[in-house]
Amino acid sequence: MNLSFGPEYEEYRREVRKFLAQNWPPKDPRDRGAVQAFRARATEQGYLYRNIPRQYGGSEQAPDLLRSQVLRECFADAKAPMEIRDRGIGLLTPTLLAWGTEAQKAYFIPKTISGEIRWSQGYSEPGAGSDLAAVQTKAELVGDQWVINGQKVWSSGAHESEYMFMLVRTEPDAPKHQGISYLLVDVKQPGITIRPLRQVTGDSEFNEVFFDDAKTPADLIVGPRGRGWEVSRTTLKHERSNLNGNLYSESMFNRLVRLAKDTVRDGRPAIQDPDIRDRLAALYGWLLASRYSSYREFSLTAAGEEGGHFPLMMKLNGSNMAREMYLIGRDLIGDDFLLARSGEGGVGQAAHRIWARHNMTSLRLTIAGGASNIQRNIIAERALDLPRDSRVA
Ligand SMILES: Cc1cc2nc3c(=O)[nH]c(=O)nc-3n(C[C@H](O)[C@H](O)[C@H](O)COP(=O)(O)OP(=O)(O)OC[C@H]3O[C@@H](n4cnc5c(N)ncnc54)[C@H](O)[C@@H]3O)c2cc1C
């Protein structure tokens, strides 16, 4: 089997490596100005922000899954930064490109790429999570402004963002999915209160956000009024790949095996315990299945096909594997796990604290971006053609 990408892409790989060798790292990789200058040069070369037109600060390249994979590999090898990781890049920019006005694109995209504007996502509410179309936060058009009242919750990074893209109810009498609009809102204004939520890890990454007569200009609606549901479904279609998603799981699995070797149980290394061996072997089976499924998905997409049912399964599989991995870690550490508090003021051995932290954060994977039960429903309906879930009206 030939696993290379072919001569054209290997030539491209050499070109990218040469660029990286000449441009990264700068004298001080922590210098934000130097990192920004590097990103600008890489964009100029066509390596970053590939799907964003040049007029908005991107490099405007034709979609090419293999080139983007070569880039990911080369940048990872060189430990060089790729695009800014921000909801504004992954979620908002594709939406603006598909639905935004010329003024919205020209103003927001360059500032998002440069990191000058950071975004939070205001979708979930206390009564609207999996059933997102139940959003109740209202916006009314008064003169040339939207006036917003209501509450969002779980808004990641809202306390560090300048703007929020959000779903609001603008047509209270329309059917559920047709009464929603998509607005862009400056979160640093008096009508908005952002309250961080403290998590089980001790961190505060999410927020409750309250809107009391908050305002945004009438022209900061994206797409037509009442079609926010459709607008919010826009995703980045090109160049996505799960190929690198397994690398982290595999490196954590190797650490888990080390922990099993270093932990003594009943007077011998825990790796010799039949129960631990069974669980590690089963987990490794899932890891390999996931790795080879991502190869198949990649090959299908590179050949211009849809990627099969693999994309539907990847999230559920990834969160199941992470959860099992950290449960094995917890069982290996035993009673000491209770001491291994992560975060500020944590106690216990450093290695144990890492596992305690991962154990808690792995819970988030089963909820964020669609809870596991919802993923199961999606697989049942779209991949297995089972009857639709009976929904409560
Ligand atoms: C790490 C993290 C980051 C997040 N960041 C953001 C953010 O930036 N912005 C934002 O808007 N939101 C964010 N969220 C919120 C996230 O989108 C919601 O938590 C998620 O959609 C689930 O909604 P919920 O919490 O209301 O749970 P619910 O929808 O109330 O679900 C509770 C339980 O019921 C189950 N359930 C619900 N409906 C069904 C069904 N039809 N069939 C079977 N089971 C069902 C679910 O699987 C779950 O186990 C974040 C969440 C997490 C964990």
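These legends accompany close-up views of a predicted model.

**View 1. The domains of the protein chain.** The domain assignment divides the chain into domain 1 (7-83), domain 2 (116-232) and domain 3 (245-383). Between the C-alpha centres of domain 1 and domain 3 the distance is 30 Å.

**View 2. The shell around the ligand.** The ligand is surrounded by 18 residues. Tyr-123, Gly-129, Ser-130, Ala-371 and Asn-373 are the closest. The most come from α11, which supplies four residues. Domain 2 (116-232) and domain 3 (245-383) each contribute at least three residues to the shell.

**View 3. The largest nonpolar core.** This core has 47 residues. Met-164, Val-168, Leu-183 and Val-185 touch the most other members. Strand β4 (residues 163-169) provides the largest share, six residues. At least three residues come from each of domain 1 (7-83) and domain 2 (116-232). In soluble globular proteins, nonpolar side chains tend to be buried together.

**View 4. Contacts of Val-168.** Leaving aside residues up to four places away in sequence, Val-168 touches Val-135, Thr-137, Lys-138, Ala-139, Ile-148, Ile-180, Ser-181 and Leu-183. Val-168 and Leu-183 are both among the core members that touch the most others.

**View 5. Another nonpolar core.** A core of 17 residues lies apart from the largest one. Its members include Leu-280, Met-321, Met-325 and Trp-355.

Definitions and conventions. Residues are numbered from 1 along each chain as its sequence is written. This is a predicted model: local features need pLDDT of at least 70, side-chain atom pairs count only at pLDDT 80 or more; totals for chains, interfaces and linings use all residues. A residue is near a molecule or strand if its C-beta atom, placed from the backbone, lies within 6 Å of it. Helices (H or I, at least four residues) and strands (E, at least two) are DSSP runs, numbered from the N terminus. Domain bounds come from an automatic or database domain assignment. A nonpolar core is a set of buried Ala, Val, Leu, Ile, Met, Phe, Trp, Tyr and Cys residues joined through C-beta atoms within 7 Å. A residue is buried if 20 or more other C-beta atoms lie within 10 Å of its own, exposed if 12 or fewer, and partly exposed in between; C-beta atoms are placed from the backbone. Two residues are in contact if their C-beta atoms, placed from the backbone, lie within 7 Å.
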